[in-house]
Amino acid sequence: MSRDSFLQGALVLALAGLFSKIIGAVYRIPLSWVLRDEGFGLYGLAYPIYNMLLTISTLGVPIAVCKMIAERVAKGRFEDARRAARVSLAFLAVTGAACSLVLYASAGFFANRVYHEPRSYLCLVAVSPAIFLVAVMSALRGYFQGLHRMTPTAVSQVLEQIVRVATMFALSIWLAPRGLAYSAAGATFGAVAGAIAGLLFLATIYWREGGALGTYEQPARPSRSPAGRRQRSRGATADEGPGRFLIELIKLSVPISLAAIIQPLMNVLDATIVPGRLQATGLAPAQATALYGQLSQMAFPLVFMPISVTSAISMAMVPAVSAAASLGDRQLVRERAATGIRMTIILTLPCVIGLYLLSSEIPSLLYRQPMAGVSVAALSSGLLFLALQQTSSAVLQGLGRATLPLRSLAMGAAVKAVLSWILTGLPAFGIKGAAVATVVGFLVASAVNLSAVESLVGPIFDWNRGLVKPALATAVMALAVRGALVGGLALTGHQKPATVLAIAAGGLTYGLVLLAIGGMSARDLETIPRVGPAVSGFLRRFGFIH
């Protein structure tokens with residue numbers, strides 16, 4: 001896979017992720033009109049248990065599948081790749097079906113004994129088949145990503161979300177005459193309908209293309225290293241059994257799963273520590289709860305929203321690094337790791353500064369709660385460290401060192417817990433202490449990861465194009481943001497249109513300055529699907545890039 005196709009795959013996933021995020025954020029508004037607060041509450045009760053069982057059923061397998069397939073295809077072991085796909089599909093079908101049955105059988109217990117809301121029973125039953133469907137679909141997504149084909153995953157994500165939302169509204173309105181419980185259950189069943197649509201799409205491509213490996217079964221590009229050529233020659237004759245695939249699958253997926261569990265545990269620690277420590281500073285329980293709500297429900301979702309873009313880089317990074325590493329091509333591994341890190345910094349650095357500068361204006365625009373700006377400002381730099389932690393984790397997972405990200409994230413979580421307890425209890429910090437603790441936790445995790453990557457593959461930082469030039473473009477962007485905000489207020493007299501103008505001016509300024517000083521090249525632009533070559537040609541014509 002070329003450098004350009006790696007970036008194209010990441011961009012395709014990023015666009016699909018953004019589209020799905022937008023739909024996911026917008027649909028809640030009209031759905032609340034249909035279900036009202038009470039029905040929306042019934043709908044929401046089904047998802048914590050559903051998400052927990054879904055996490056258990058997948059066990060980090062999609063990333064492991066992606067790595068296994070990428071390695072075997074890189075070595076020309078196509079039959080082994082097919083067998084790995086079949087084993088992973090069977091494994092996830094079994095775990096997904098088991099978790100679906102657990103949710104279905106225990107729906108009454110959760111509704112009556114845990115939630116003490118018998119009407120939530122129908123919602124729990126309605127969503128239970130989705131666990132099996134999503135588990136199988138995640139195996140196919142991991143398989144296609146292992147083939148460096150990100151478009152099937154991206155299309156299935158968009159299709160799943162569209163069908164899910166359409167089904168939600170259709171069934172919730174159709175079932176409304178039968179009562180609020182049935183209407184909420186109809187909305188919950190949208191997850192099942194969306195999963196069916198996404199799974200059918202992926203399965204159709206898989207079976208129509210004979211396991212989707214047909215285009216790969218031809219002489220592959222020789223590795224640039226003698227070791228890689230020898231590995232490809234030896235690997236093409238390998239013949240692995242299902243037992244070996246299953247052992248490798250579990251060995252790879254367990255540390256990935258444990259790392260995925262740490263983030264929810266960090267949220268639980270916040271919920272346990274922060275309100276109590278705020279009360280220790282003299283705040284009333286209601287005030288402490290309100291401040292925690294601003295941090296957890298406003299600042300965290302807002303600051304970490306751009307992660308949907310950088311996580312796409314991580315998803316594309318795993319098979320890219322795995323393929324290069326399986327061929328023994330250290331230089332190619334380093335190039336791909338460096339590209340991923342550079343693009344992560346380019347995409348997140350302006351978001352960090354923009355969120356800091358507009359820390360009160362953006363929450364006011366979105367939530368009508370400018371006081372959340374205290375948490376947003378303190379948390380904003382955590383976006384860069386979280387993004388770098390994700391990208392570097394993907395590199396390490398691609399290298400088969402999945403225990404290293406687990407260890408670094410555990411270290412970061414421990415640091416965060418200690419600092420949350422200390423700082424949040426100090427009146428000088430308060431709720432800012434919890435935000436600062438989160439930033440430091442992700443700083444520790446990303447620093448440990450990046451150090452491990454450099455020790456394994458060599459230097460990965462492009463200090464000029466990957467840090468200095470993005471920093472210069474961000475500095476100019478900051479001036480544009482402040483100028484547009486002040487000018488917008490002078491022109492309109494209202495903060496909301498001025499904020500929108502400042503965001504637009506900042507994004508445009510950053511992009512143009514980055515292009516003008518060479519932080520982004522024509523080749524980088526041309527990797528953008530569909531429109532990239534046209535945009536690159538237009539800017540070349542007017543002398544913005546070379």
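Tutor: A residue is called buried under 20% relative accessible area, exposed over 50% and partly exposed in between, with a 1.4 Å probe and protein chains only. The model is predicted, so that local features need pLDDT of at least 70 and side-chain atom pairs count only at pLDDT 80 or more, while totals for chains, interfaces and linings use all residues. Residues are numbered from 1 along each chain as its sequence is written, and side-chain values use heavy atoms, with hydrogens and water left out.

Student: Is Cys66 buried or exposed?
Tutor: Cys66 has a relative accessible area of 2%. Because that value falls under the 20% cut-off, Cys66 is classed as buried.

Student: How many disulfides does the count come to?
Tutor: A disulfide requires a pair of cysteine sulfur atoms within 2.5 Å. Applied to this model, that rule gives a count of zero.

Student: How are helix 3 and helix 13 oriented to each other?
Tutor: Helices are DSSP runs of H or I with at least four residues, strands are E runs of at least two, and both are numbered from the N terminus. The axes of helix 3 (residues 61-74) and helix 13 (residues 307-326), which are lines fitted to C-alpha atoms over the stretch in contact, with angles from 0 to 180 degrees between N-to-C directions, come within 8 Å and cross at roughly 40°. Angles under 35 degrees count as roughly parallel, over 145 as roughly antiparallel, 65 to 115 as roughly perpendicular and the rest as oblique. The two helices are therefore oblique.

Student: Which residues of helix 13 does helix 3 meet?
Tutor: Contact means heavy atoms within 4.5 Å. From helix 3, Ile63, Cys66, Lys67, Ala70, Glu71 and Ala74 take part, and they meet Val318, Pro319, Ser322, Ala323 and Ser326.

Student: What is the distance in space between Ser393 and Met317?
Tutor: Ser393 belongs to helix 17 (residues 382-398) and, at 7% relative accessibility, is buried. Beyond its neighbours within four places in sequence, Ser393 is in contact with Pro405 and Asn449. Ser393 and Met317 stand 76 residues apart in sequence, and their C-alpha to C-alpha distance is 9.5 Å.
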